[in-house]
Amino acid sequence: MAAISCHCSPIASDKVLHSSSFSFSSDLNLLRPPRLPGNKFSGISVSSPACFPALRLRVSCQTSSATSTPASAANVRAKSELKDFLHISDFDKATILKILEQAVEVKALLKSGERTYLPFKGKTMAMIFAKPSMRTRVSFESGFFLLGGHAIYLGPDDIQMGKREETRDVARVLSRYNDIIMARVFAHQDILDLAKHASVPVVNGLTDYNHPCQIMADVLTIIEHIGQLEGTKVVYIGDGNNVVHSWLLMASVIPFHFVCACPKGFEPDEKTVEKARQAGISKIEITNDPKEAVRGADVVYSDVWASMGQKEEAAHRRKVFQGFQVDGNLMKSAGSKAYFMHCLPAERGVEVTDEVIEAPNSIVFPQAENRMHAQNAIMLHLLGY
């Protein structure tokens, strides 16, 4: 990973600095909260949600790598300057970690009660929902508002993208009204087409293929509770769905041990598995044995067995997925230190028991909250802050 060095010069201050230490990262023109000692991930420290004075500062940061060649430097530059957030693997490790660091810091800022950092003031975001979602809508809308912007909800009947109006036309029109577009759709091609024709950044709020914002929030949560993602063992139990695909794409960027335990016939997309393995960064396992899979896990992760659009298969899937429920016994096999995660909504008593989701080591609600903070950081990155 590239070493990061920052040179900061204050422009103006109307408050007095406290004697605690502060740190700065690129592209955020605000004072950072103090770091928590000893809680670091890949060179990035997790900030405490401490109160601190707001300042306007000019931050000049330089990223250097001892092993960079002109070609690799150009590739890093291209990956860090992408217009859209469609797949985690579109970005290099340094950029993903930078976004996660920014999420930690802006979360701490909001938790402190600070409300003067408004980078999105005067900006609007169009939110396209072909698939409804409580968490996606509220996290994006609230997060954009808290940073000064205005989000516009466009439900399934407002656009009917690809049916009532061609996707390329929707992309061009919304780009003329808004500064950024978020879309939660069914077909993955829809998000690709939207991004191709939009002149403003497009954020993938979910497709049938992947769910990158969710996994960014998940990694942020793991960092907060374990201290790092690198070297951890994350075990997903259930259907090899879009959440699994994004975990696999994350594993092609940051090294950790990822296991997907699913019934035969419900494995994740073979090409995505192969892509993650060929990256040679993480240990990837696909298995049909959940009890063996969870041994030594740092995180046990579950999701609904029948996603939106698969409800007619729900009864069949409940039969096929017997033995893949995350219950107290499975968590015992994982060990007392294993955390439980779920992207929600959960069908309690189906893929996970009430006992597990309400246990002290369940971090599903911090995980849900972090959707907003991770997405704020993604949007800050795309909009150049």
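A cavity is a set of points, on a 1 Å grid over the protein atoms alone, where a 1.4 Å probe fits but cannot get out. Grid points are joined across faces, edges and corners, and a volume is the space filled by probe spheres set on the points.

The model is predicted: local features need pLDDT of at least 70, side-chain atom pairs count only at pLDDT 80 or more, and totals for chains, interfaces and linings use all residues. Residues are numbered from 1 along each chain as its sequence is written, and side-chain values use heavy atoms, with hydrogens and water left out.

**Exercise 1. Describe the largest cavity and its lining.**

Step 1. A search of the whole structure gives 2 cavities of 30 Å³ or more. The largest cavity holds about 40 Å³ of space.

Step 2. Lining residues have an atom within 4 Å of a point. For the largest cavity they are Trp 305, Ala 306, Ala 314, Arg 318, Glu 347 and Val 350.

Step 3. Sorted by class, this lining has 4 nonpolar, no polar and 2 charged residues. Here Ala, Val, Leu, Ile, Met, Phe, Trp, Tyr, Cys and Pro count as nonpolar, Asp, Glu, Lys and Arg as charged, and the others, Gly among them, as polar.

**Exercise 2. Classify the ring pair of Trp 247 and Phe 256, then follow the rings onward.**

Step 1. A pair of aromatic rings is described by the distance of the centres and the angle of the planes. Rings of Phe, Tyr and Trp (its six-membered ring) pair if their centres lie within 6.5 Å; planes under 30 degrees apart count as stacked, over 60 as edge-to-face and the rest as tilted.

Step 2. The structure holds 12 aromatic pairs. In one of them, the centres of Trp 247 and Phe 256 are 5.7 Å apart and the planes meet at 65°, so this pair is edge-to-face.

Step 3. Phe 256 also pairs edge-to-face with Phe 258, at 6.4 Å centre to centre and 70° between the planes. Ring pairs link Tyr 236, Trp 247, Phe 256, Phe 258 and Tyr 301 into a cluster.

Step 4. Buried means under 20% relative accessible area, exposed over 50%, and partly exposed in between (1.4 Å probe, protein chains only). Trp 247 is buried at 0%, Phe 256 is buried at 4%, and Phe 258 is buried at 0%.

Note on methods
On a 1 Å grid over the protein atoms alone, a cavity is a set of points where a 1.4 Å probe fits but cannot get out, and a pocket is an open set with protein on both sides within 12 Å along at least five of seven lines; lining residues have an atom within 4 Å of a point.
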